[in-house]
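Morning, everyone. Let me put the structure up, and then we'll go through it piece by piece.

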Amino acid sequence: METVGTLPPQLLRMILSAVVVIAFVFMNGLLLGYLERKLAGRFQLRPGPMEVGPQGMLQMVADAVKLIGKQFIIPRQSSTTLFRLAPFLAFVPVGVSFIVIPLSSKLQVLDLDMGLIFIIAVMAFNMVATLVAGWVSNNKYALFGAVRSVAQGVAYEIPMLLSLVTVVLLTHSFSMRAMVLSQSHIWHVFMQPVAFVIYFIAGLAETHRAPFDLPEAESELTAGFHTEFSGICFSFFFLAEYTNMFFVCSIAVTLFLGGWSGPPLPWMEYSGAIWFMLKVYVLLFIMIWIRWTFPRVRFDQLLNFCWKYLTPIALLNLLITALVVKL
Amino acid sequence: MKEYFTQLYIGAKSLLVGLGVTFRALLHPAVTVHYPREKLTISPNFHGHTLLVKDSETGTHRCIVCMQCDLNCPSNCITVVGEKREGSKGKTLTAYHLDFTKCSLCGICVEVCPTQALDFSDEYELAGFSREEFHYNLLKRLEEG
């Protein structure tokens, strides 16, 4: 206890945040992995994992232990350093993005003035990790997966940002906290339904979720960019994917669904996080629901949809919003 | 331009219909039978290996050792053994060997039996560690119940 007292409060805050964030990333990965498999089962009229633990709840723990125990194989002609580095490149932005997410009015690591730009920029870094992973594997499937992933990411970043900018026009701020506070009267989803839908679709594409999971299309590319990765390094990519889903949904909740606001609870400064998490997991459920409903699109369909539908509509939406705000 | 919006409308509508279909599936109870814990009732038409039928009047089998099943078996997997005993008419069955590793479940033995002494069992959980486990003595099985 004395040691804790001598530490500067800012450092203590950083250490605590790091521990909580890492713990949360792993718990979220386990929970979403379980939900994904259980819901996949239920959507197909089967029970999903049932054998490990009650209702198969410990299945993901068993899988994690198996993955940790596996050998990490490095292909002979790959670039060893970058091959080892790639999973961490995918994983680091995941931890960093948490800094600006406002879980509730007092549960936010740091409220940056440029919070929204920060989180979008850091999340786009994930694409670099994907490209590195695919490039250094020295495997044609991995390289194709990476190339597809980057092409898709670049295309869908545009409608995504255009739809987010409409909200920025309404709030006159990039701070995530200000976004939530500006929705105390009406949630932005009711003022900007089109922007919300476009953001959500682009978010699906950004996180390589079905029906936009072309970088991982197993029928043509085995597993895409992480084909050559095994053991714990594979699970880093897996965790990064699930945490990115969480971020896409938490940005949607912060910007469109009123963040932590909800029916008041005791200690609302902190317990607002319950409402925040609830909204995020509802959106994540919709993501899983979409995955188990729609088949994968073809690559030309994917890009056509982005350039012919999402981008023009998002642009038009932005123009109209700008006009209305100006008037 | 008109086609553009028609496609957008039709596409969006069909996606929502698709989501509706899967959501109904989500609410529908799972159809899985958890096999070792739950079992389906077996249809009476199920054909397992053959059994000697217990006659309700005499309390024993009806086999008269006519050897028809033994002779007609296309897989040669039936060996009927009988002996002549004092005081009884005809032969008495002493052993009925069925080599189930060779049996093709054709059912000819059941068809040719003049006294309907044979029938199919409803056993389907057949797994063993050696082939000898599938050399059945049907007479012994009948006596042991």
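Domain bounds here come from an automatic or database domain assignment. On that basis, chain B splits into domain 1 (1-31) and domain 2 (50-144). The C-alpha centres of domain 1 of chain B and domain 2 of chain B lie 60 Å apart.

Some housekeeping. This is a predicted model: local features need pLDDT of at least 70, side-chain atom pairs count only at pLDDT 80 or more, and totals for chains, interfaces and linings use all residues. Residues are numbered from 1 along each chain as its sequence is written, while chains are lettered from A and ligands numbered from 1 in the order in which they are written.

Now the helices of chain A. Helices (H or I, at least four residues) and strands (E, at least two) are DSSP runs, numbered from the N terminus. Axes are lines fitted to C-alpha atoms, for helices over the stretch in contact, and angles run from 0 to 180 degrees between N-to-C directions.

Take helix α5 (residues 115-136) of chain A and its partners. Start with helix α4 (residues 80-97) of chain A. The axes of α4(A) and α5(A) come within 8 Å and cross at roughly 165 degrees. So α4(A) is roughly antiparallel to α5(A). The cut-offs: under 35 degrees is roughly parallel, over 145 roughly antiparallel, 65 to 115 roughly perpendicular, and the rest oblique. α4(A) passes α5(A) in a left-handed crossing. Left-handed means that the near helix is turned anticlockwise from the far one by less than a right angle; clockwise is right-handed.

Who touches whom? Contact means C-beta atoms, placed from the backbone, within 7 Å. From α4(A), residues including A:L82, A:F83 and A:P93 meet α5(A) residues, among them A:V122, A:F125 and A:V132. That contact divides into 16 nonpolar, two polar and no charged residues. For the classes, Ala, Val, Leu, Ile, Met, Phe, Trp, Tyr, Cys and Pro count as nonpolar, Asp, Glu, Lys and Arg as charged, and the others, Gly among them, as polar.

Next partner: helix α6 (residues 140-171) of chain A. α5(A) and α6(A) pack at an angle of about 170 degrees, with their axes 8 Å apart. That makes α5(A) roughly antiparallel to α6(A). In α5(A), A:L116, A:I120 and A:W135 are among the residues that meet α6(A), where the partners include A:L143, A:G153 and A:E157. By class, the contact of α5(A) with α6(A) has 14 nonpolar, five polar and one charged.

Then helix α11 (residues 231-256) of chain A. Its axis and that of α5(A) come within 11 Å and cross at roughly 155 degrees. α5(A) is therefore roughly antiparallel to α11(A). This crossing of α5(A) past α11(A) is left-handed. A:I119, A:M123 and A:N126 in α5(A) meet A:A240, A:N244, A:F247 and A:I251 in α11(A). Five of the contact residues are nonpolar, two are polar and none is charged.

Over to the sheet in chain B. Three strands form an open sheet in the order β2-β3-β5, with antiparallel pairing. β2 and β5 (135-137) of chain B are the edge strands, each pairing on one side only. Neighbouring strands are turned by 20 degrees against each other on average, direction ignored. Strands count as paired if DSSP finds at least two bridges between them.

Strand β2 (residues 78-84) of chain B and strand β3 (residues 91-99) of chain B pair over seven bridges. B:I78 stands opposite B:L98, B:V81 opposite B:A95, and B:K84 opposite B:K91. Their hairpin has six residues between the strands, and B:G87 there takes a positive phi near 90 degrees. On to β5(B), which pairs with β3(B) over three bridges. Here B:L98 stands opposite B:Y136.

Last, the interface. 11 residues of chain A are in contact with 11 residues of chain B. The chain A side has eight nonpolar, one polar and two charged residues.

Conventions. Two residues are in contact if their C-beta atoms, placed from the backbone, lie within 7 Å.
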